[in-house]
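Here are my notes on the model, as numbered points. Have the structure open while you go through them.

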Amino acid sequence: MSEENFLAQRFEEHRPHLRAVAYRMLGSLSEAEDAVQEAWFRLSRSDTDAVQNLGGWLTTVVGRVCLDMLRSRSTRGEEPLHDQDGWVRLPDPLISGPDRIDPEQEILLADSVGIALMVVLQTLAPAERLAFVLHDMFAVPFDDIATVLGRTPASTRQLASRARRRVQGAAPAPDADLTRRRRVVDAFLTAARGGDLDALVAVLDPDVVARSDGGTLLPSALRRGAAEVASQAITFARFAEAGRPALINGTPGVVAFAEGRPMSVMAFTIQGDRVTALDILTDPERLARLDLSALGV
């Protein structure tokens, strides 16, 4: 085996892990693939004879590539989430069957990276996101992250700490019992289909947040509070009629179809038997690109 082929083989062994890092950083599956490919280009052009931990080296390289991509977004004014303007861009969802996560997605979804957590990650500044993702999710030492950021380890630690507080405050861990969460989703859908406002309000947390992303073709919206979210859910209950249960980033959700085409993806965050966040993707362009093979589509 040639040296180049041996290097390519070693890189492929790390590819799933690198995709997981890039997905958390970017919230986009296509951009994550681009970042991983760029890491391969950099590896193939580098002298790695002195690299003792190739996995760690590649992780920091992917982190650096993602950091550059995030900063480029900021420069172009394309940050993916703008709650204050009522415009929301949700991260790309990972869709599995209703009872089991697709094996190919297991690494991507380690650490229960639900849509709600991904949304919060996208509100962090690029340096904060890098420090938090690499250290808290992938155990990269602060000394290595500091090199990527051009900061001291102490200031990098502060970045991660600040990001951690924001994540814990805005995206606390959901209930662990999958069956229990599925029952809450079923109760939500039954109430929506039946137009039962009281039953809907009962299954929603009083401070529930509903985010919808319609892309450039449909309006996006941010709604807060059980009464407002329940009223809107009844308005759009026709989507629930054609809904198929699914796991959206590892948590119970629904993919709605019309004439065989996906019309929306609904991801639920559930705590204490109540829905605390509802994230809905309705962007036709992004829906058309989803891999729905796990649903038999």
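1. Let's start with R182, which sits in helix α8, residues 178–194. Helices here are DSSP runs of H or I with at least four residues, strands are E runs of at least two, and numbering goes from the N terminus. R182 is buried, at a relative accessible area of 15%. The cut-offs, with a 1.4 Å probe and protein chains only, are under 20% relative accessible area for buried, over 50% for exposed, and partly exposed in between.

2. A word on the ground rules: this is a predicted model, so local features need pLDDT of at least 70 and side-chain atom pairs count only at pLDDT 80 or more, while totals for chains, interfaces and linings use all residues. Residues are numbered from 1 along each chain as its sequence is written, and side-chain values use heavy atoms, with hydrogens and water left out.

3. What does R182 touch, leaving aside its neighbours within four places in sequence? The contacts are P98, P245, A246, P252 and G253, where contact means heavy atoms within 4.5 Å. P98 is 84 residues away from R182 in sequence, yet the C-alpha to C-alpha distance is 8.9 Å. There is also a polar atom of the R182 side chain 3.0 Å from the backbone oxygen of A246. For reference, a polar contact is a pair of N or O atoms within 3.5 Å; within protein, one must be able to donate a hydrogen and the other to accept it, and residues adjacent in sequence count only if both atoms are side-chain atoms.

4. A246 and G253 turn up again in the strands: A246 stands opposite G253 in β7. Strands β6 (residues 243–248) and β7 run antiparallel and are joined by 6 bridges; two strands pair if DSSP finds at least two bridges between them. Their hairpin has 2 residues between the strands, and N249 takes a positive phi near 50° there.

5. On to the next hairpin. β7 is also joined to strand β8 (residues 261–271) by 6 bridges, again antiparallel, with F257 opposite P262 in β8. This hairpin too has 2 residues between the strands, and E259 has a positive phi near 55°. Why call β7 (residues 251–258) largely enclosed by the rest of the structure? Because 7 of its 8 residues are buried.

6. Have a look at S155 in helix α7, residues 153–170. S155 is buried, with a relative accessible area of 19%. A polar atom of its side chain lies 3.0 Å from the backbone oxygen of T152.

7. 8 of its 9 residues are buried, so α4 is largely enclosed by the rest of the structure; the buried ones are I115, A116, L117, M118, V119, V120, L121 and Q122.

8. How do α4 and α5 meet? The axes of α4 (residues 115–123) and α5 (residues 126–137) come within 9 Å and cross at roughly 135°. That makes the two helices oblique. On the α4 side the contact uses L117, L121 and Q122, and on the α5 side R129, F132, V133 and M137. By class, that is 5 nonpolar, 1 polar and 1 charged residues.

9. Finally, the whole chain. The protein chain has 12 helices and 9 strands, and 49% of its 297 residues count as buried. Among contacts between residues at least 6 apart in sequence, 65% join residues at least 24 apart.

Note on methods
Axes are lines fitted to C-alpha atoms, for helices over the stretch in contact, and angles run from 0 to 180 degrees between N-to-C directions. Angles under 35 degrees count as roughly parallel, over 145 as roughly antiparallel, 65 to 115 as roughly perpendicular and the rest as oblique. Ala, Val, Leu, Ile, Met, Phe, Trp, Tyr, Cys and Pro count as nonpolar, Asp, Glu, Lys and Arg as charged, and the others, Gly among them, as polar.
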